[in-house]
Amino acid sequence: MLRRGARESVDILADILELCSSRTKKTKIMYNASLSYQMLKFYLWHIVELGLLEESEGVEFWITEEGKEFLSRYHNITGLLAGPDGASSSSRSCPFARER
């Protein structure tokens, strides 16, 4: 689920991983994740360094097993924060939720 508007770094990272479930080119990632080219380069470099994505000569990117595990845990945590009725964390009394 790609989000629009203000996003945390972890949300952007998850968006990129979701886009790279199969081999994906930089341009497609940049446009579908709504990132500038500079931000895309920043995130891709870090995500590859973390071992969550693999790349072929800087052209195509795809998710690794570690990336799939991260994405699974990310979805579990965001699901817990949303609660059983799907309400966002900001509408619940969560001590870690930031006001926006």
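Start by selecting Phe-70: at 25% relative accessibility, Phe-70 counts as partly exposed. Here buried means under 20% relative accessible area, exposed means over 50%, and partly exposed lies in between (1.4 Å probe, protein chains only).

This is a predicted model, in which local features need pLDDT of at least 70 and side-chain atom pairs count only at pLDDT 80 or more, while totals for chains, interfaces and linings use all residues. Residues are numbered from 1 along each chain as its sequence is written, and side-chain values use heavy atoms, with hydrogens and water left out.

**The aromatic pairs**

Rings of Phe, Tyr and Trp (its six-membered ring) pair if their centres lie within 6.5 Å; planes under 30 degrees apart count as stacked, over 60 as edge-to-face and the rest as tilted. By this rule there are two aromatic pairs.

Select Phe-42 and Tyr-43. Their ring centres are 5.3 Å apart and their planes stand at 90°, so the pair is edge-to-face. Phe-42 is partly exposed at 43% relative accessibility. Tyr-43 is buried, at 7%.

Tyr-74 is buried, at 9% relative accessibility.

**The whole chain**

Zoom out and colour by secondary structure. The chain has four helices and three strands. Helices (H or I, at least four residues) and strands (E, at least two) are DSSP runs, numbered from the N terminus. From that end, the elements run α-β-α-α-β-β-α. Of the 100 residues in the chain, 31% are buried.

**Helix α1**

Select residues 9–19, helix α1. Eight of its 11 residues are buried, so α1 is largely enclosed by the rest of the structure. Those buried are Asp-11, Ile-12, Leu-13, Ala-14, Asp-15, Ile-16, Leu-17 and Leu-19. What do the buried residues of α1 pack against? Their partners are β1 (24–25), α2, α3, β2 (53–56), β3 (60–63) and α4. Contact means heavy atoms within 4.5 Å.

**α1 against α3**

Axes are lines fitted to C-alpha atoms, for helices over the stretch in contact, and angles run from 0 to 180 degrees between N-to-C directions. The two helices are therefore roughly perpendicular. Angles under 35 degrees count as roughly parallel, over 145 as roughly antiparallel, 65 to 115 as roughly perpendicular and the rest as oblique.

Show side chains. Ser-9, Ile-12, Leu-13, Ile-16 and Leu-17 of α1 meet Tyr-43, Leu-44 and Ile-47 of α3. This contact has seven nonpolar residues, one polar and no charged. Ala, Val, Leu, Ile, Met, Phe, Trp, Tyr, Cys and Pro count as nonpolar, Asp, Glu, Lys and Arg as charged, and the others, Gly among them, as polar.

**α1 against α4**

On the α1 side, select Val-10, Asp-11, Leu-13, Ala-14, Leu-17 and Glu-18. They meet Gly-67, Phe-70, Leu-71, Tyr-74 and His-75 of α4. By class, this contact has seven nonpolar, two polar and two charged residues.

**Last stop: Ser-34**

Select Ser-34, in the loop between α2 (26–32) and α3 (37–49). Most residues other than glycine have a negative phi. Ser-34 is not a glycine, yet its phi is positive, about 55°. Ser-34 is partly exposed, with a relative accessible area of 42%.
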